[in-house]
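Visitor: Please take a close look at one part of this chain. I would like the surroundings as well as the part itself.

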Amino acid sequence: MALEDAFANFTRRDWEHESIAGTVRLAIIGVGGFACQRALPAIHNGSYCEPTVLVTSSPDRATDVAEEYDIPHVIDYDAFLAGTHTDAYDGVYVATPNAFHSQYATAAAAFGKHVICEKPLETTVERAREVVDACTTAGVTLMTAYRLQTEPTVRRTRELVREGAIGDVVQVHGSFSHPLLETASPDTWRLDPDLAGGGALVDLGVYPLNTIRFLLDCEPTGVYATTTSSGGPFAAIDEHVALQLEYETGTTASCTASFDAHARSALELVGTEGMIDIESPFGGVVPQEIVVESGDVRMEYTGPTIDEVCEEFDYFGYCVLTGTDPEPDGEDGLADLHAIEAAYESAETGCRVALE
């Protein structure tokens, strides 16, 4: 693939193969910061989904949100589990703390509703498998909310890798850090291992972990990890984590994540014949800045920012409406949890852990 071809129509939706009508009506389960600040605006600005039900522990406090997005129904969690207003939605978006994902996703599947669930899919492989099995049995679509897989810069990078633009990928470097306590209180559920399933690795490190798997189109075969914590509010979880991953192709990847460092994300792929560097891929709205070196050719691309959350919900809606299987499906979510559990085992034992 010529680099000029890769950068032509850079923001194209290569997954959108036909024009379709209609929308997927969504029940939004969990009306926290991300749901209100990112998900609901993205759904509103998109084409293939619409919110019709809010599910929250405090319906009275969500009336302003319901009015802003013209959402007709606001119910609590017990009402959702009891099947209230199942005729008002076609699918659910699960945005609760991680430990509750399986409870609401499996209930939705039992109602015959499609599921898009925030990452990680659950807190353990076993609990995530319950979600996958429930959706398979019900015959409904399950998508793990890996929004970077729908984002143009990442998709164009995968095309370049597949076409051999940088030769064989030898090394990948990914990092994501965010000073959590600048935007959250010390009692946030993200610092509770029972609710989150871990710390920086689960919440931030999963982004480079999943994105690298997506770009390489292969699975890790082994992991070595270290975790550290300064104590205090971070005492129960990994405040900082570093992973060394080995892949089926012989590629190695190094990933770092931190809950207590300057906000920063980066992703670099180094191949036998070139390299690709993506600026700030994980931190929210990707700035669409990419540098590619292929042989003696160097090209830079800077385009308009893209709301990857909007891309994600449109992709999910498109898959449901067309009967297409999403790439970031339940098995994709399971694969990352296998790697996460192996990484925590490695950090505890100090040894490399093989992945089958």
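Guide: Start with the record. An unreviewed UniProt entry places the feature "domain: GFO/IDH/MocA-like oxidoreductase" at residues 154-276. The model here is predicted. Over residues 154-276 the chain is 24% helix and 36% strand. The end C-alpha atoms of that stretch are 11 Å apart.

Now take T157. T157 sits in helix α7, residues 152-162. Its relative accessible area is 0%, so T157 counts as buried. A polar atom of the T157 side chain lies 2.8 Å from the backbone oxygen of T153. Leaving out residues up to four places away in sequence, T157 touches L215, L269, I276, I278 and I290.

Next, the wider setting. The domain assignment gives domain 1 as 15-146 and domain 2 as 152-305 + 329-354. Their centres, taken over C-alpha atoms, are 26 Å apart. At the interface, 20 residues of domain 1 contact 23 residues of domain 2. About 1800 Å² is buried between the two domains, and carbon and sulfur atoms give 64% of that area. On the domain 1 side, K119, V125 and Y146 lose the most area to domain 2, together 33% of what that side buries.

Polar links cross the interface too. Nine residue pairs are in polar contact between domain 1 and domain 2. The count of salt bridges between these domains is one. E331 forms a salt bridge with R129, with the closest N and O atoms 3.1 Å apart. Elements giving two or more residues to the domain 1 side are α6 (125-138) and β6 (142-144). Of the elements on that side, α6 gives the most, with four residues.

Technical notes. Residues are numbered from 1 along each chain as its sequence is written. This is a predicted model: local features need pLDDT of at least 70, side-chain atom pairs count only at pLDDT 80 or more; totals for chains, interfaces and linings use all residues. Side-chain values use heavy atoms; hydrogens and water are left out. Buried means under 20% relative accessible area, exposed over 50%, partly exposed in between (1.4 Å probe, protein chains only). A polar contact is a pair of N or O atoms within 3.5 Å; within protein, one must be able to donate a hydrogen and the other to accept it, and residues adjacent in sequence count only if both atoms are side-chain atoms. Contact means heavy atoms within 4.5 Å. UniProt positions are given in the numbering used here, feature names are shortened, and annotations may be inferred rather than shown by experiment. Domain bounds come from an automatic or database domain assignment. Buried area is the accessible area (1.4 Å probe) that two parts lose on being put together, summed over both. A salt bridge is a side-chain nitrogen of Lys or Arg within 4 Å of a carboxyl oxygen of Asp or Glu.
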